[in-house]
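Work through the exercises below with the structure open. Try each task before reading its solution.

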Amino acid sequence: MDNQYNYYNPGGNYQHGRDQYDRGPEQGPSKGGNHHRGVPKVVAVTGLAILFGIVASAVFLGSNLIGSRIIGNNSSSSASASSERISSGTSLSRSSSVVTSDVSDVVDQVMPSIVSITSMSVDEVQSFFGGIYEQQSEGMGTGIIIGESDSELLIVTNNHVVEGSDTLTVTFNDETSVEANIKGTDSNYDVAVIAVPLGSVSSDTRESIAVATLGDSTNLKVGEPAIAIGNALGYGQSVTTGVISALDRSVAATDSRTGETRENGVALIQTDAAINEGNSGGALVNVNGEVIGINSAKLIGDSVEGIGYAIPISDVSDLIQSLMSQETKTKVAENDRGMIGIKGISVSDAFSQEIDMPAGVYVTEVTSGGGADAAGMTKGSIITGINGSSVDSMDALQAQLQYYAKGETVTLTIQIPQPSGEFEEQTLDVTLG
């Protein structure tokens, strides 16, 4: 078998031999050489090539079709699975901690506990010609229903929402409105509690409202969802969403009445949920519908975007309880209002830090025979509170005194200067003259 090989004979048979061709029966050796057999070989080769191409193309197309179907199904499955994962990641449940575009369940739960607050006040304004006239002004804010006693519905809000108001009107989620009175305020922490007599609330409204659930702001984490609900711009309750952007923020605020800039009394929650004018006193809630903060638009500058602040609810819970326990205040006719019997000047927060003394009312003179004199108050004392409500200026003291008549006794918190330069806190019971 040496020098023999297997070969393919186009147009002929597969042979095993040495340089042999099968040229068909009774066919002798060709004359004139091999060029007479070249044409049929070329045709045969071409035909075979075409046949091979057709078969190969069919196989290739078939493979692509099958492959496309397999890959297509797998791709669809992957896309579907990916979509399901995204959908699962963004769906909202009360146990979820993922930002979501659908917070309707939380809003439905919280909205009955949110109220709009309208404050009306009358200010004396000097005219261009030097005369004095009264001008009525209206303010808007939000409140959170936090409790109910035997006779009152209790609502927490920001102090600056109710400060200086002559009348307060609360509007519930069913659009009914009733008048409210101040129960207690704290200007340092910008927190106030107001009360609505239950007798002024209809049975239908009582069925439509709810007491808010307070959460724990000490366990907040940066990046977790936050939902702000409030009376934005006074147009009615609205909802914005975002995340907790930062914690323990120290922010300076400008008092709209005095123009004084001072640090807020508590480290704040920062969020990118939109908080605008009218949102003040509203709720910042988590995905469980629990109130984690009290929103404050006062702390946001006009040029700031994407930043809002809220007072952490856990940091002021004890203060809120204290304000809730105070006696509800109703304004006394101006002629019947009592006086402490002092002259004083405001010690602003900024000034107090410069001179290292408490913020409040610095007593420059004690009126002889007045209530303060009878109680033993001395010149140089600093009044910082009255009946549990903080006082940081002469205006704040006067605002508190409008609830007390002549002959009533109030408890003043004062700071007494000591020889060492320190101040000692005391309380004095003063009968108003």
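Accessible area here comes from the Shrake-Rupley method with a 1.4 Å probe. The model is predicted.

**Exercise 1. Overview**

Task: Describe the protein chain by its surface, burial, contacts and secondary structure.

Solution: 
- Start with the surface. The accessible surface of the protein chain comes to about 23400 Å². Carbon and sulfur atoms hold 50% of that surface.
- Turn to burial. The protein chain has 433 residues, and 40% of them count as buried.
- Take the contacts between residues at least 6 apart in sequence. Of these, 60% join residues at least 24 apart.
- Finish with secondary structure. The protein chain has eight helices and 22 strands.

**Exercise 2. Strand 7 and its partners**

Task: Which strands pair with strand 7, and how many bridges join each to strand 7?

Solution: 
- Locate strand 7. It covers residues 177-186.
- Look to strand 6, residues 167-171. Four bridges join strand 6 to strand 7, and the two run antiparallel. Thr171 stands opposite Ser177.
- Inspect the hairpin of strand 6 and strand 7. Five residues lie between the strands. Glu175 in this hairpin takes a positive phi near 75°.
- Look to strand 8, residues 191-197. Strand 8 is joined to strand 7 by five bridges, again antiparallel. Thr185 has Ala192 as its bridge partner in strand 8.
- Inspect the hairpin of strand 7 and strand 8. Four residues lie between the strands. Here Asp190 has a positive phi near 55°.
- Now check burial, with the cut-off at under 20% relative accessible area. Seven of the ten residues of strand 7 are buried, so the strand is largely enclosed by the rest of the structure.

**Exercise 3. Helix 5**

Task: Which residues of helix 5 are buried, and where do they lie around the axis?

Solution: 
- Helix 5 spans residues 317-324.
- Its buried residues are Leu319, Ile320, Leu323 and Met324.
- These cover an arc of only 140° around the axis, which puts them on the same side of helix 5.
- Recall the general rule. An α-helix has 3.6 residues a turn, so residues three or four places apart point the same way.

**Exercise 4. Val430**

Task: Is Val430 buried or exposed, and which residues is it in contact with?

Solution: 
- Read its relative accessible area. The value is 0%, so Val430 is buried.
- List its contacts, leaving aside neighbours within four places in sequence. They are Ile340, Gly371, Ala372, Ala375, Glu408, Thr409, Val410 and Leu412.
- Examine one pair. Val430 and Ala375 are 55 residues apart in sequence. In space they are 5.8 Å apart, C-alpha to C-alpha.

Technical notes
Residues are numbered from 1 along each chain as its sequence is written. This is a predicted model: local features need pLDDT of at least 70, side-chain atom pairs count only at pLDDT 80 or more; totals for chains, interfaces and linings use all residues. Side-chain values use heavy atoms; hydrogens and water are left out. Buried means under 20% relative accessible area, exposed over 50%, partly exposed in between (1.4 Å probe, protein chains only). Contact means heavy atoms within 4.5 Å. Two strands pair if DSSP finds at least two bridges between them. The arc is that of the directions from the helix axis to the C-beta atoms.
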